[in-house]
Amino acid sequence: MTTEAQYDPQAIETEVQQRWEAQQTFKVTEDPTREKFYCLSMFPYPSGRLHMGHVRNYTIGDVISRYQRMQGKNVLQPMGWDAFGLPAENAAIKNNVPPANWTRENIAYMKGQLKRLGFGYDWNREVATCDVDYYRWEQWFFTRLYEKGLVYKKTSAVNWDPVDQTVLANEQVIDGRGWRSGALVERREIPQWFIKITAYAEELLTGLDVLDGWPDAVKTMQRNWIGRSEGLEIHFKLGEENLTIFTTRPDTLMGVTYMAVAAEHPVALKAAETNPELAQFIEECKQTGTAEANLETMEKKGMATGLSASHPITGEPVPIWVANFVLMGYGTGAVMSVPAHDQRDFEFAQKYGLPLKQVILPNGEKECAAQLEEALTEKGVLTNSGDFDGLTSEDAFIAIAEYAEANELGQRLVNFRLRDWGVSRQRYWGCPIPMLETEEGTQPVAAADLPVRLPEDVEITGAGSPLKKDPAFYQVSDNVQRETDTFDTFMESSWYYARYTCPDSDQAMLDERARYWLPVDQYIGGIEHAILHLLYARFFHRLLRDEGLVTGDEPFTRLLTQGMVLKDGAKMSKSKGNTVDPQALIEQYGADTVRLFIMFAAPPEHSLEWSDSGVDGASRFLKRLWKQVHTLMEQGSIPKQLDVAKLSSEEKTLRRQVHEAIQKVSDDVGRRYTFNTAIAACMELLNNIGKASDSPMMRAVIKEGLEATVLMLSPVVPHITQRLWEVLGHDSIIVDEGWPTIDQTALSRDELELVVQVNGKLRAHITVPVDADKASIEQTALADENVQRFTEGKSIKKVVVVPKKLVNVVVA
């Protein structure tokens, strides 16, 4: 092996990657005799080119994977493609090419980019969600859920994106606009397929308590989204019918002054039959999205129905209004309104001149306010509430609930904010929903007739899905029509982590290999997926568990949410013109430099500010490492054995620094995931090695230090370290080497360096034997030349010795 004088990253990286490929270095198989470690980064959408966010995500995952492999574990690190989705349809319109062709060309290009970056993936396990071998099992599983009663179809109000011509989940509506198109979302009523995630709401909530390896912020976001609340379901009489509501504040029941129902509520629709103005208002409400975020920000509007319900306790008439902030899909589609104690109700009542009735006295208050400027939302003591006067809000909750249950007016319930998952999308490039409409009703496609293949040779115009215009697809027979909607792409990403364990299984969705590899030990991705993807994947894992396909409750044991990559203080984006092309950087500096900068610039959870000078600095460091290894090996004889007993004081000091670095880097990489400080420790060690004097035994210590440095940096910069490992006299693949071990004896010190202060100000550093007593430390400190300059002619009042840290001389 040649020892090149100049570091040539392009040549080295190509040669090292060819060796990995030839030896199938990263191909992995199940081995029950070894501890497994499954490390997974969220797979990308094949948009065409990698961006710096991808590079950061995947470098973090690769560093963790390589480190764990060096711990002797059987490591799985796969990669694939989240390949369905709307961008492919948009590109098809723009470029006049079928989405399948565009997607597969992008996959080929991006796969080359990932390989060029040196990521240690087992490419034998690659999956693309647009491949029929993948989505056929998703279709099969959906039919199983249907047979279990966990899937249903209903007409419901949905978020309609008029630009993308599809339905959006509530989570996909951001500030009233579609998450991809940015178009103002409308509300429409169409038939939709749903999966009963609400049946698992309690389990999804309590399961968060055992996820100790997840960031608190993500768990809090999921808890809030699931939104468990305890309250009272209670009936207001409307003729012979019940108008049922759910409230978490039964203590305010006596303060109800009006009720509000959704525009689609049967009461509203019945009233609109004889009220054209109300009918027009209901149509206007349909232009509003169904996401709660919309309802918080939009103008609250309402209209009286002319109907009244009876208060369940007093029997008094309560007017019923239609309001645009009440959704039919949430709860019962009706709410009781207590404007004195709810701010939204207060603002609505003020706008439409509706009465307020205060029924809660805030703690410490003796009488009601003469006039309310805003709602009194805190709990307190009941007033104007008949037999319940004087009770605290907490006691009144129980008393009113017991009264309602005893009189068959209602019941206590646990409610969830979480709604069932609407999985229908009115787009083409997705997995076909395997359902049929027949004369006998809706039926799943029989298992023997799966998969339902998505036709790939289609023309995309942008006006709706081509599946709806293709009788060869949807017309199965004279009386049987196929569903033309496709799945929400979050379906595919909810179980891909499991398919990686057995991607070639053609007899089952998952096989016994899934039980060996799952759960994922370390999952890495952006915090923007905290609710959507991560909640759906946790749900899907439980569905797979209950089908007997996996064991355990949770898919991901530990979660790392990496920060964004910023430039000029803003997230990199084409629209801002502040992107950096990874490909150009790799061609200029090599993959190792890009990887080193990415890992050194910031801790993984923090945002990373791009710095061109930082990239230059990373490149210079690698050149210095290259030079120091070559310089050592060209110096001449190096003792084969390091005789620790014969080391000089300087040699012992450097060896201690080597093992202190191993100790720190091992903790930073293995436990803390502070890769930037681990790299800094390697840089500091290299500086110390560079200052060392030359002697045969010092060369042996330096070689030990450089070998440790090369090993510890190998997860971050795997190409240069592989070559330097060979230069240092080894012929193995470095990722198969063990992580350097700490020699505890090397960490012991003969001497300590202490700070010396005079009247609290730093004046000197002294070196003393590690077992020096207080008197000898004082003597050494006072004898220091610089200390004497600041104590000369002054009276020494006392000398304070803080063991192993400092000496403070107090003078007057």
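User: How do the axes of helix 2 and helix 18 cross, and within what distance do they come?
Analyst: In this predicted model, the axes of helix 2 (residues 52–70) and helix 18 (residues 591–600) come within 10 Å and cross at roughly 90°.

User: So what do we call that, roughly parallel or roughly perpendicular?
Analyst: Roughly perpendicular, because an angle from 65 to 115 degrees counts that way, and helix 2 and helix 18 are therefore put in that class.

User: Which residues in helix 2 and helix 18 meet?
Analyst: From helix 2 you've got Met52, Val55, Arg56, Thr59, Ile60, Asp62, Val63 and Arg66. They meet Val594, Arg595, Ile598 and Met599 in helix 18.

User: And by class, what does the contact of helix 2 with helix 18 have?
Analyst: By class, there are 7 nonpolar residues, 1 polar and 4 charged in that contact.

User: Let's pick on aspartate 62. Is aspartate 62 buried or exposed?
Analyst: Aspartate 62, which is found in helix 2, has 0% relative accessibility, so it counts as buried.

User: Switching topic: what's the strand order in the open sheet of 4 strands?
Analyst: The order is 20-19-22-21, and the pairing is antiparallel. At the edges sit strand 20 (441–444) and strand 21 (475–477), each pairing on one side only. The twist averages 30° from one strand to the next.

User: How many bridges does strand 19 have with strand 20, and how many with strand 22?
Analyst: Strand 19 and strand 20 pair over 4 bridges, in the antiparallel sense. With strand 22 (residues 480–482), strand 19 (residues 435–438) pairs over 2 bridges, again antiparallel.

User: What do strand 19 and strand 20 form, and how many residues are between them?
Analyst: A hairpin, with 2 residues between the two strands.

User: Last one: where does leucine 436 find its partners in strand 20 and strand 22?
Analyst: Its bridge partner in strand 20 is glutamine 443. Over in strand 22, leucine 436 stands opposite arginine 482.

How values were computed
Residues numbered from 1 in each chain as written. Predicted model: local features only at pLDDT ≥ 70, side-chain atom pairs only at ≥ 80, totals over all residues. Heavy atoms only, no water. Pairing = 2+ DSSP bridges. Axes fitted to C-alpha atoms, helices over the stretch in contact; angles between N-to-C directions. Parallel < 35°, antiparallel > 145°, perpendicular 65-115°, else oblique. Contact = heavy atoms within 4.5 Å. Nonpolar A, V, L, I, M, F, W, Y, C, P; charged D, E, K, R; others polar. Buried < 20%, exposed > 50% of the residue type's maximum accessible area, 1.4 Å probe, protein only.
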